[in-house]
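Dear colleague,

I am handing over the structure that we talked about, and below it you will find my notes on what I found. Please read them with the structure open beside you.

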Amino acid sequence: MAGSGHENGAISIRPADNLAVFEVSKKPKKNKFALGCAMLASLTSMLLGYDIGVMSGAIIFIKKDLKINDVQIEILVGVLNLYCLVGSIVAGNIADWIGRRYTIVLANVIIFVGSLFMGFSVNYAFLMVGRFIAGIGVGFAIMGAVLYNAEISPASSRGFLTSFPEVCINVGILLGYVSNYAFSKLPTRIGWRLMLGAGATPSIFLVFAVLAMPESPRWLVMQGKLGEAKVVLEKTLDTKEEAQLRLNDIKEAAGIPQDSTGDVVVVQKRNQLKRAFFAIGMGPIAGIYTSKIFPLKLLAQGISLGVAVNRVTSGIISMTFLSLYQAITIGGAFFLFAGIAAVGWLFFNICLPETRGKTLEETERLFGNLVGWREVDKKMKEDNTKGATHGQ
């Protein structure tokens with residue numbers, strides 16, 4: 001045989017064969033631990049598919065039982081996507097706060113509550129409340145599963161593992177159809193409630209299953225838990241070398257020195273600086289200023305309105321920040337906030353008078369003019385000076 005020889009009964013192997021054997025032996029195997037973690041994380045997204053599938057059949061019985069019209073049906077079916085969007089946006093901050101794993105746990109708890117609400121609905125309004133709760137939970141689940149899978153996966157199978165949530169959605173749709181068929185023979189008022197309420201059952205199992213998963217190594221590093229992160233990386237990646245390289249990359253991104261091996265304290269300098277300026281500026285002064293510009297009879301209503309506007313604004317910023325920085329980058333988002341702060345500074349400086357040392361009656365006079373308060377303030381000071389002179 002060409003390229004081979006028989007010397008002393010031994011078989012020589014061609015260099016090409018050696019290379020082939022080496023390449024096969026070096027080909028990484030599927031990491032079963034990472035595979036199992038990704039599957040468990042993705043199962044929560046199956047509940048979105050279940051809702052899509054089961055609602056397509058349940059609406060026939062819901063319409064008949066609750067006597068609702070087509071517009072109400074359309075809103076009932078489609079509104080989950082809007083709630084899911086809100087949930088996904090909020091979940092981004094939650095995942096950074098409590099971790100990816102507990103975000104998925106929270107998603108299952110919320111879906112469990114939402115499913116029970118829908119299953120025990122006595123009218124359309126009650127059903128819509130259940131849809132809202134379930135939609136928020138589904139948003140948490142989708143965001144959490146995709147994020148967790150991306151951070152837990154080895155490079156060799158990241159694309160494969162991050163596709164699991166979409167696969168589970170389709171499995172959930174199929175299970176929704178099965179549920180439609182299984183409960184369709186029951187009385188109308190019971191059948192559709194069981195269809196929707198059955199979604200609570202998997203959530204109970206998933207809460208405990210997800211708790212058995214390790215936390216995302218990226219989140220652990222962000223919390224300074226380098227030892228735990230290294231253990232998780234070595235379990236979920238193909239080789240220890242890849243685990244060390246990934247750990248180094250994450251430490252660099254988190255601003256942690258490469259020579260750090262144990263747990264460290266991670267300080268977010270931008271947030272700390274921002275919070276420090278806020279704490280001595282707009283944080284307390286907004287409430288103080290609001291409490292001084294209203295007459296006594298309108299004080300409660302004025303402060304209530306101020307707090308409401310403050311909370312709504314905070315909510316809008318929290319729920320849109322992820323989408324905002326994805327659209328214009330983090331730097332662009334903060335430049336936008338800086339621009340808003342600059343406009344605010346001009347507004348405060350031009351339109352808001354100083355209230356220090358003034359009575360409520362004097363404050364009311366100042367707020368009688370939007371931009372002419374400086375002249376009023378000057379005249380008030382002159383009158384006070386004359387009054388003091390005459391008093392002497």
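Of the 392 residues of the protein, 35% count as buried, and its secondary structure consists of 18 helices and 2 strands. If we take the contacts between residues at least 6 apart in sequence, 71% of them join residues that are at least 24 apart.

Please keep in mind that this is a predicted model, with a mean pLDDT of 77 for the protein and 72% of its residues reaching 70 or more. Over residues 1–26 the pLDDT is below 50, and beyond near neighbours in sequence this stretch has 8 contacts in the model.

Much of what follows concerns helix α6, and I take its helix partners in turn.

The axes of helix α3, which covers residues 46–66, and of α6 come within 13 Å and cross at roughly 175°. Angles over 145 degrees count as roughly antiparallel, and α3 is therefore described as roughly antiparallel to α6. On the α3 side the contact is made by Leu48, Asp51, Met55, Ile62 and Leu66, which meet Tyr124, Leu127, Arg131, Val138 and Ile142 in α6. Sorted by type, the residues of this contact comprise 8 nonpolar and 2 charged, with no polar ones.

Helix α6 (residues 124–152) also packs with helix α8 (residues 164–183), at an angle of about 140° and with the axes 9 Å apart, and these two helices are therefore oblique to each other. Here Ile142, Ala145, Val146 and Asn149 in α6 meet Phe164, Pro165 and Ile169 in α8. The residues of this contact divide into 6 nonpolar and 1 polar, and none is charged.

Is Glu151 buried or exposed? Its relative accessibility is 9%, and because buried means under 20%, Glu151 counts as buried. The side chain of Glu151 makes a polar contact, at 2.3 Å, with the side chain of Ser216.

Methods:
Residues are numbered from 1 along each chain as its sequence is written. This is a predicted model: local features need pLDDT of at least 70, side-chain atom pairs count only at pLDDT 80 or more; totals for chains, interfaces and linings use all residues. Side-chain values use heavy atoms; hydrogens and water are left out. pLDDT is the predictor's confidence in each residue, from 0 to 100. Contact means heavy atoms within 4.5 Å. Axes are lines fitted to C-alpha atoms, for helices over the stretch in contact, and angles run from 0 to 180 degrees between N-to-C directions. Helices (H or I, at least four residues) and strands (E, at least two) are DSSP runs, numbered from the N terminus. Angles under 35 degrees count as roughly parallel, over 145 as roughly antiparallel, 65 to 115 as roughly perpendicular and the rest as oblique. Ala, Val, Leu, Ile, Met, Phe, Trp, Tyr, Cys and Pro count as nonpolar, Asp, Glu, Lys and Arg as charged, and the others, Gly among them, as polar. Buried means under 20% relative accessible area, exposed over 50%, partly exposed in between (1.4 Å probe, protein chains only). A polar contact is a pair of N or O atoms within 3.5 Å; within protein, one must be able to donate a hydrogen and the other to accept it, and residues adjacent in sequence count only if both atoms are side-chain atoms.
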